[in-house]
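Dear colleague,

I am passing on to you the structure we discussed, with the sequence alongside. Please look it over before reading my notes.

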Amino acid sequence: MISFDELVTLEDDLVLVKTVGKYDFSELFGFLERVKAKAGEVGRDHILIDSRRLEGQMTEAERFAGGQKIAEVFGSRFKVALLMPADGITKLGELAAVNRGARFLVTASEDDALEWLSGSESARPVS
């Protein structure tokens with residue numbers, strides 16, 4: 001049973017994925033694979049995942065495992081930004097992904113995410 005829905009739209013230079021519903025870790029890895037497949041299908045390597053409306057919290061272990069999976073799935077070929085509510089951001093998943101070669105940012109600011117995605121830097125220092 002799928003706990004959350006995803007709406008995929010194509011923007012000028014990126015794939016935008018909006019999620020809504022209830023977060024379920026058991027669905028995370030399949031979701032990431034679907035996002036990568038869609039981006040590859042349409043020839044885009046910049047992805048914005050908007051999870052600000054997704055209910056539920058990730059454990060620190062899930063953040064770490066998710067970061068590892070992001071690096072495995074997207075590698076350095078794709079540039080991925082994840083929007084989350086500010087009170088749900090710890091940066092552990094970002095750090096796990098970036099330390100394994102991914103170009104990945106977690107932020108609460110859509111403006112920051114879009115600016116980062118459009119920039120030429122491969123990764124932003126984690127603070």
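This is a predicted model: local features need pLDDT of at least 70, side-chain atom pairs count only at pLDDT 80 or more; totals for chains, interfaces and linings use all residues.

Residues are numbered from 1 along each chain as its sequence is written, and side-chain values use heavy atoms, with hydrogens and water left out.

An open sheet of 5 strands runs in the order β1-β2-β3-β4-β5 with mixed pairing (strands are DSSP runs of E, at least two residues, and helices of H or I, at least four, numbered from the N terminus; two strands pair if DSSP finds at least two bridges between them). β1 (4-10) and β5 stand at the edges with a single partner strand each, so one side of each has no neighbour in the sheet. β1 and β2 (residues 15-22) are antiparallel and joined by 7 bridges, with Leu10 opposite Val15 in β2.

In helix α4 (residues 110-118), Ala113, Trp116 and Leu117 are buried, whereas Asp111, Glu115 and Ser118, on the other side, are exposed (buried means under 20% relative accessible area, exposed over 50%, partly exposed in between, with a 1.4 Å probe and protein chains only). The buried residues of α4 pack against β3 (46-55), β4 (79-83) and β5 (103-107), contact meaning heavy atoms within 4.5 Å.

Ser76 lies in the loop between α2 (60-74) and β4 and, leaving aside its neighbours within four places in sequence, is in contact with Gly101 and Arg103.

Best regards
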